[in-house]
Amino acid sequence: MGSNNFVEANSAIGNSNGIVIFPNANFNQIRQNIAVGNPPIQQSTSVASPPAGGGVDIWDQSPATNNNSFLGNMCLTSVNAPCPSVATGAIPRRPGS
Amino acid sequence: MRARAMVVAASALSVMVLAPAPASAEDISGLIVRTLVLSENTRLVGDVTCTVTGGPCIAFGAPNIVLLLNGFSITGPNNPATGCGGTSIGTDTGISTNGQNNVGIRGPGIVQRFAGDGILFMASTRGWVQGVATTTNCMSGIRINPTSSQVSVESNASVRNGAAGAACGGI
């Protein structure tokens with residue numbers, strides 16, 4: 001991910017990682033996404049702990065000074081991101097609404 | 001006079017019926033064996049199967065255009081059950097923005113079974129993807145390359161993308 005991007009109201013489920021923010025990414029907004037079950041349970045019980053070899057729902061690889069923001073995402077595991085976060089307010093709106 | 005009016009009316013009607021549709025969009029479906037470069041607004045009118053290796057299946061070739069998946073799928077050559085089987089190939093992307101600015105991909109539709117990313121924003125500014133499902137791609141379902149900016153990724157679903165141990169996945 002580069003800079004000034006907007007990731008909103010997506011679902012990421014059963015991937016090796018849910019949402020990944022690259023080391024040089026900055027000023028990105030990640031909000032109201034559902035990222036759970038990353039990696040899927042069949043994989044997560046057979047690999048090393050994240051981030052080395054494993055995976056998480058949201059993985060921010062950038063330093064905090066890069067100003068990437070996370071708001072209202074529904075997630076259970078993360079590196080450098082505010083998870084777990086399972087507030088009901090995090091449910092994404094329907095497309096077009 | 002009356003006969004002349006009928007001829008004029010008939011001529012006008014024939015023009016309306018026989019005139020080709022405005023050439024503002026391209027329709028695609030079926031098999032793609034080498035990279036398809038888009039130069040105008042494009043929509044799928046059927047499912048697409050892609051056998052391209054060493055490059056993207058579909059690449060944008062102009063700025064300010066849109067690809068409508070129109071409810072259809074774009075399917076790469078990977079195994080439908082295992083996806084990539086743990087091996088990813090970065091060049092084998094489903095859809096690449098290919099350095100074009102302000103291009104968009106709109107669902108509903110599916111991008112699946114590619115050895116690289118399903119959808120890759122490569123060196124693009126002001127792109128967007130909306131309402132697309134990506135699944136069983138070996139790298140990310142949707143990836144914004146570090147050289148891309150001001151991209152909007154909204155209301156998509158990414159399921160079973162990525163390979164174990166790689167810093168990729170859904171988005």
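In this predicted model, 28 residues of chain B are in contact with 28 residues of chain A. Putting the two chains together buries about 2,000 Å² between them, and carbon and sulfur atoms give 48% of that area. On the side of chain B, the residues that lose the most area to chain A are B:Ser155, B:Ala167 and B:Ile171, which together make up 27% of what that side buries.

The contacts between the chains can also be sorted by kind. Between chain B and chain A there are 29 residue pairs in polar contact, counting pairs with both residues at pLDDT 80 or more, while the count of salt bridges is 0. Three strands of chain B, namely β11 (142-144), β12 (152-154) and β13 (157-159), each supply at least two residues of the side that touches chain A. That side of chain B divides into 12 nonpolar, 13 polar and 3 charged residues.

Strand pairing also crosses from one chain to the other. Strand β2 of chain A, residues 11-13, pairs with β13(B) in the parallel sense over 3 bridges. Within this pairing, A:Ser11 has B:Ala157 as its bridge partner. Strands of a sheet pair through backbone hydrogen bonds, either parallel or antiparallel.

Chain A also has a sheet of its own strands. It is an open sheet of 3 strands in the order β3-β6-β9, with parallel pairing. Strands β3 (19-21) and β9 (78-79) of chain A each have a single partner strand, so they stand at the edges, and one side of each is left without a neighbour in the sheet. β3(A) is joined to β6 (residues 58-60) of chain A by 3 bridges, and A:Ile19 stands opposite A:Ile58 in β6(A).

How values were computed: Residues numbered from 1 in each chain as written. Chains lettered and ligands numbered in written order. Predicted model: local features only at pLDDT ≥ 70, side-chain atom pairs only at ≥ 80, totals over all residues. Heavy atoms only, no water. Pairing = 2+ DSSP bridges. Helix = DSSP H or I, 4+ residues; strand = E, 2+ residues; numbered from the N terminus. Contact = heavy atoms within 4.5 Å. Buried area = accessible area lost by both parts, 1.4 Å probe. Salt bridge = Lys/Arg side-chain N within 4 Å of Asp/Glu carboxyl O. Polar contact = N/O pair within 3.5 Å; in protein donor to acceptor, adjacent residues only side chain to side chain. Nonpolar A, V, L, I, M, F, W, Y, C, P; charged D, E, K, R; others polar.
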